[in-house]
Amino acid sequence: MSGRELFCQPRRVRRGAALTLVFAGLLVTGAATGAFPDPGQSDRKTPTGAARAGAVHEDVAKAAAEALADGKSPMEAAERAVSRSGDRWAAVYSEGEYQEFEEALDGQYTGVGLWARRAADGRIDVSKVQAGSPAATAGIRKGDRLRSVDGEDVDGRPVTDVVSLLRGDATDAHAGTTVTLGLQRGTRAWSETLRRALLSTDSVTVRKLTAGITVIKISAFTKGSGELVRTAVRQAPADAGIVLDLRGNSGGLVSEAVTAASAFLDGGLVATYDVDGAQRSLHAEPGGDTARPLVALVDGGTMSAAEMLTGALQDRGRAVVLGTRTFGKGSIQMPTRLADGSVVELTVGHYRTPSGHVVDGRGITPDLEVSTGALERAETVLSGLGDPS
């Protein structure tokens, strides 16, 4: 099990909507989030009608306002109202938490630059240190053992909890605040006090396999990631295929996912969606590479905007999708700011793949089911797809 400081959400909102991501730039009224059931069907868990969504928004806003007037916590009142709504993707965020989401989608996060993993015996090890980060400056290395964070023993704890401590989620810690780490390297044990900083993320990484195949890994659709994918495709060898690795991608900016789709499609439909009953569509830009063999890798952690991209490439016959069934989040959430500055997000719509496939609660079934050795299988598939020329 491993984790990093980016996109590991605070414990307060890690209920399902913790994996909510923003449908930015597509909705006139503001940001919304990526993934749901058939708009024409009833779903007791997820409100689908505009009237229902509006009523829930009113209930939540009223509960928050009344709590504020009574000297109580508007955020806690909003959380109770959201819990009663039956909207499984709804969430309430403090002002600081929502700011973290916005920073993350801009390709930034507040932290010290550590990736962590839990070993079989429960110990927490540093799996990566971001270059130029406070952790790197302090001399922390990959393989160092992380024993404590601000005096709290982390052995045996879930990586998500450790990451939350590093980021200071419980106190809405911002850049400039300090965190003290207990570390061990061999027989040497020491403590290091670091100052959190606003750091850039690496949402797109590119590497080459021995056969000349290009692997483009997208961890999240942050600002600029779509153009990075297009650049990677343009720079890939013309005589070899591409593996688009979307495993563990929990979504992000849908506009960036559409740009990524444009790298592989010559225009055409990417997805349709509805907001408060109004039907809309998303289209790729013309001029993408439609000849080079392409395999998309997915798993149960492929969500939201990443599922939208997967569905477009699969339905349009552009990629062989390989892996395991995706998560199944296809709803759209709209944010509303409450009286105390906190933000509530409630479901207002859903999206479908080009062929009309409903993603929410169902996910996307790969063309080839593979649970282990997916990358090796992708190489085999690409070799069978032949020379793109």
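Predicted model: local features only at pLDDT ≥ 70, side-chain atom pairs only at ≥ 80, totals over all residues.
Local features are taken only where pLDDT is at least 70 and side-chain atom pairs only at pLDDT 80 or more, whereas totals for chains, interfaces and linings use all residues. Numbering starts from 1 along each chain as its sequence is written, and side-chain values rest on heavy atoms, with hydrogens and water left out.

The chain contains nine helices and 21 strands, where helices (H or I, at least four residues) and strands (E, at least two) are DSSP runs numbered from the N terminus. Of its 389 residues, 54% are buried, a class defined by a relative accessible area under 20%, with exposed meaning over 50% and partly exposed in between (1.4 Å probe, protein chains only).

Six strands form an open sheet in the order 12-13-14-17-18-21, with mixed pairing; two strands pair if DSSP finds at least two bridges between them. Strand 12 (204-208) and strand 21 (368-369) are the edge strands, each pairing on one side only. Strand 13 and strand 14 are parallel and share four bridges, and the bridge partner of Thr214 in strand 14 is Ile242.

Ile242 has Leu294 as its bridge partner in strand 17, and Leu244 has Ala296. Ile242 and Leu244 point one way from strand 14, while Val243 and Asp245 point the other way, and all are buried.

Beyond strand 17, the sheet continues with strand 18 (residues 320-323), which pairs with strand 17 in the parallel sense over four bridges. Leu297 lies opposite Leu322 of strand 18. Strand 18 is in turn joined to strand 21 by two bridges, again in a parallel arrangement, and Gly323 stands opposite Glu369 of strand 21.

A right-handed β-α-β unit is made by strand 17, helix 8 (residues 304-315) and strand 18. The end C-alpha atoms of helix 8 are 16 Å apart, which agrees with the 16 Å that 12 residues should span at 1.5 Å a residue; the expected span is 1.5 Å times one less than the number of residues. Helix 8 is largely enclosed by the rest of the structure, because 11 of its 12 residues are buried. Among them are Ser304, Glu307, Met308, Leu309, Leu313 and Gln314. Gly317, with a positive phi near 70°, follows helix 8.

Helix 2 (residues 74-85) likewise has 12 residues and reaches 16 Å from its first C-alpha to its last, close to the 16 Å expected. Its buried residues are Pro74, Met75, Ala77, Ala78, Glu79, Ala81, Val82 and Ser85. Helix 2 is followed by Gly86, where phi is positive, near 80°.

The whole structure holds four aromatic pairs, counted for rings of Phe, Tyr and Trp (its six-membered ring) with centres within 6.5 Å; planes under 30 degrees apart count as stacked, over 60 as edge-to-face and the rest as tilted. Tyr93 and Tyr98 form a tilted pair, at 5.8 Å centre to centre and 50° between the planes. The pair of Tyr93 and Phe101 is edge-to-face, because the ring centres are 4.9 Å apart and the planes lie at 85°. Tyr93, Tyr98 and Phe101 form one aromatic cluster. Tyr93 is buried at a relative accessible area of 1%; Tyr98 is buried at 6%, and Phe101 is buried at 6%.

Thr222 lies in the loop between strand 13 (214-218) and helix 6 (225-235). Thr222 counts as buried because its relative accessibility is 1%. The side chains of Thr222 and Ser203 are joined by a polar contact of 2.9 Å. Such a contact is a pair of N or O atoms within 3.5 Å; within protein, one must be able to donate a hydrogen and the other to accept it, and residues adjacent in sequence count only if both atoms are side-chain atoms. The C-alpha atoms of Thr222 and Asp106 are separated by 5.8 Å, although the two residues are 116 residues apart along the chain.

Notes:
Right-handed = clockwise from strand over helix to strand, strands pointing away.
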